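Biologist: I am new to this one. Can you put it up and walk me through it?

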Protein chains: 2
Amino acid sequence: MTATQAAHQKETPRVVALSGGVGGAKLALGLSRVLPPGELMVIANTGDDFSHLGLEISPDIDTLVYTLAGLNNPETGWGRRSETWTFMDALGQLGGETWFRLGDGDVAMHVERTRRLAAGETLSDVTQSITRRLGIATSIVPMTNDRVRTRVRTDDGWLEFQDYFVRRQCAPAISAIEFTGAADAQPHPVFLAALRSERLETVVICPSNPFISVEPILALPGVRAALAGCAAPKIAVSPVIAGKAVKGPTAKMMAELGLEISAITIAQRYADFLDAYVLDEQDASLLGQLRVPAVAAKTLMTTLEDREVLARTVLDVADSVRGSRLVGVTVTT
Amino acid sequence: MTATQAAHQKETPRVVALSGGVGGAKLALGLSRVLPPGELMVIANTGDDFSHLGLEISPDIDTLVYTLAGLNNPETGWGRRSETWTFMDALGQLGGETWFRLGDGDVAMHVERTRRLAAGETLSDVTQSITRRLGIATSIVPMTNDRVRTRVRTDDGWLEFQDYFVRRQCAPAISAIEFTGAADAQPHPVFLAALRSERLETVVICPSNPFISVEPILALPGVRAALAGCAAPKIAVSPVIAGKAVKGPTAKMMAELGLEISAITIAQRYADFLDAYVLDEQDASLLGQLRVPAVAAKTLMTTLEDREVLARTVLDVADSVRGSRLVGVTVTT
């Protein structure tokens, strides 16, 4: 990507994608590569955001930024490539908290964001400025500039998300999830405007964890209604393959919440607005159980080509829905 | 140093040293090594402190901490040894300000301090906690917990100190220096208590820049009077050798302020409380011009042994003053 491409960022893109971190960012990268520059807007979950060490940290935004800038660490899935860890070592030496691992380059992002937020910029201003600086042609938009915080109820009581997710490594069994502040938060206006735009062709629900990555976005006032009323087809991609989550605690959380660990369950979470669904080729036998048009495809994104192929599949499904050509179920392998 | 030694930190030490950064820290290290553990209190200039990138930075405290913990970078004189620079590179990539070089390990100090200050701890609490954590037996005490900021009047108008010192590399000619906030700041109470203590044997004015490192301390209400009234001998070490400053802009500043660049001029700045003076062996010819007892010694501290030898010389001079044995001038080489 180049700075010239960043100038392509549009307020009314052809495709809007709702995304959390790693898995969502992989598909967002694929979409960004198969669409013309500037035609993708990614709405990022901010329910995972937290203040730590006095720094404002936005994990999903950063994973998207690093991924779309080609700066991401392919081994961890989070953070930056060619990272160093001197900050963390020195912080430990000083008696500071080290359970949330912050690489030296990553700290620069948090310091710069914290400084700019304190100076009165919004989270979306800061994010846009950084994506432009890094030459990212895709708009990355926080779901809201207001404070929403995911919390989980566990055997140990209600826990802040990063306490549960990182410090306790998802060990406590959860019985409920809430998005504190969501009811009073305003969805980002460019997100709602994009959903209303006649230019919009497709809304993609990325293969992120529905409970902690997508549903914070859906919990914002008016978002579910705006998606249901949006003229463009809404296509979700399953993060569950053959009864297992590709990454992270999705399957464990589903079991604890008493839900069947299945691509079907994921689709049900989006039933009120979903127009079509993409599940994995290993789950092709489930296609008949879905109430929306669906295709089975390779959803595991190992290579860059995998990301692009899945992105094209999703866009093709949307084209078919728009052309009313997709009325039943299809298997593409 | 060990954590056990840190337990020796005393509120009423035998020696108090007033210090700025590099040169002062060298003598402070020498003093800490020749005195029993816990018998040294270093009063650190905080006039150079500033907020940068949202971080609270205390350059002289940090140089003292790193030097006394053996973590200092011997090449630069500031910052940490074995430092990495990924933070700074990433910050530049994001469009952040990079004129003040912050190493990755050093950033941990600023993040931790900023977090603790924001949580309501005083600068001296934070500093004491960190020195104990690093096993430093010497007390490092900020001259005040209040905000004092050194500013210089230049051809370009009044400049904040780090803007002048680091960003502009002392290029503008200065015509005045002020310590904003000093008149309303309270000298740290343990500093004043130490000056009143019967245990106190010696006060050392380290070979720091008088104008920007020592005089901010002296500008605090009551400090000059407390020094003048203090029973223990007050001994200064010249930072000027043969008409040149060992390091930094001292000589340039003296010229611009219309002062003779000489060890004599330095002693005159402290005339109201000084009991004895140590200047460099190269300046032995100046001994007769001083109004206080003085010795000439090797003041250039290249090796660790140099630091210890100079520390012993200073303590010997103090002993002599206390025993009224030092009435004239002496040359020790």
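Biologist: What span should helix α5 of chain B have, and what is the distance between its end C-alpha atoms?
Modeller: Helix α5 of chain B (residues 104-118) has 15 residues, so at 1.5 Å a residue it should span 21 Å. Its end C-alpha atoms are 21 Å apart, which agrees. The expected span is 1.5 Å times one less than the number of residues. Helices (H or I, at least four residues) and strands (E, at least two) are DSSP runs, numbered from the N terminus.

Biologist: Before we go on, what am I looking at, and how is it numbered?
Modeller: This is a predicted model: local features need pLDDT of at least 70, side-chain atom pairs count only at pLDDT 80 or more, and totals for chains, interfaces and linings use all residues. Residues are numbered from 1 along each chain as its sequence is written, while chains are lettered from A and ligands numbered from 1 in the order in which they are written.

Biologist: Back to α5(B). How many of its residues are buried?
Modeller: In α5(B), 13 of the 15 residues are buried, so the helix is mostly covered. A residue is buried if 20 or more other C-beta atoms lie within 10 Å of its own, exposed if 12 or fewer, and partly exposed in between, with C-beta atoms placed from the backbone.

Biologist: And what comes just after α5(B)?
Modeller: B:Gly120, which takes a positive phi of about 105°.

Biologist: How many residues does each chain put into the contact between A and B?
Modeller: Chain B gives 25 residues and chain A gives 25 residues. Two residues are in contact if their C-beta atoms, placed from the backbone, lie within 7 Å.

Biologist: Which helices of chain B supply that side?
Modeller: α4 (86-93), α5 and α6 (123-133) of chain B each supply at least two residues. α5(B) gives the most, with ten residues. By class, the side of chain B that touches chain A has twelve nonpolar, seven polar and six charged residues. Ala, Val, Leu, Ile, Met, Phe, Trp, Tyr, Cys and Pro count as nonpolar, Asp, Glu, Lys and Arg as charged, and the others, Gly among them, as polar.

Biologist: Which residues of α4(B) are buried, then?
Modeller: B:Thr86, B:Phe87, B:Met88, B:Ala90 and B:Leu91. These buried residues pack against α4 (86-93) and α5 (104-118) of chain A, together with α5 of chain B. Just after α4(B), B:Gly95 takes a positive phi of about 90°.

Biologist: New topic: sheets. What is the strand order in chain B?
Modeller: Chain B has an open sheet of three strands in the order β7-β6-β8, with antiparallel pairing. β7 and β8 (174-180) of chain B are the edge strands, each pairing on one side only. Two strands pair if DSSP finds at least two bridges between them.

Biologist: How many bridges are there between β6(B) and β7(B)?
Modeller: Four bridges, in the antiparallel sense, between β6 (residues 149-154) and β7 (residues 157-160) of chain B. B:Thr154 has B:Gly157 as its bridge partner, and the partner of B:Val152 is B:Leu159. A hairpin of two residues joins the strands.

Biologist: What about the sheet in chain A?
Modeller: Three strands of chain A form an open sheet in the order β7-β6-β8, and the pairing is antiparallel. Its edge strands are β7 (157-160) and β8 (174-180) of chain A. Six bridges join β6 (residues 149-154) of chain A to β8(A), and in β8(A) the bridge partner of A:Val152 is A:Ile177.

Biologist: Now the helices. Where do α2 and α3 of chain B cross?
Modeller: The axes of α2 (residues 22-34) and α3 (residues 59-68) of chain B come within 9 Å and cross at roughly 35°. Axes are lines fitted to C-alpha atoms, for helices over the stretch in contact, and angles run from 0 to 180 degrees between N-to-C directions.

Biologist: Which residues make that contact?
Modeller: B:Val22, B:Ala25, B:Ala28, B:Leu29 and B:Ser32 of α2(B), with B:Thr63, B:Leu64, B:Thr67 and B:Leu68 of α3(B). By class, this contact has six nonpolar, three polar and no charged residues.

Biologist: Last one. Is A:Thr12 buried or partly exposed?
Modeller: A:Thr12 is partly exposed, with 15 other C-beta atoms within 10 Å. A:Thr12 is in the loop between α1 (3-6) and β1 (15-19) of chain A. Leaving aside neighbours within four places in sequence, A:Thr12 is in contact with A:Ala193, A:Ala194, A:Ser197 and A:Arg199.
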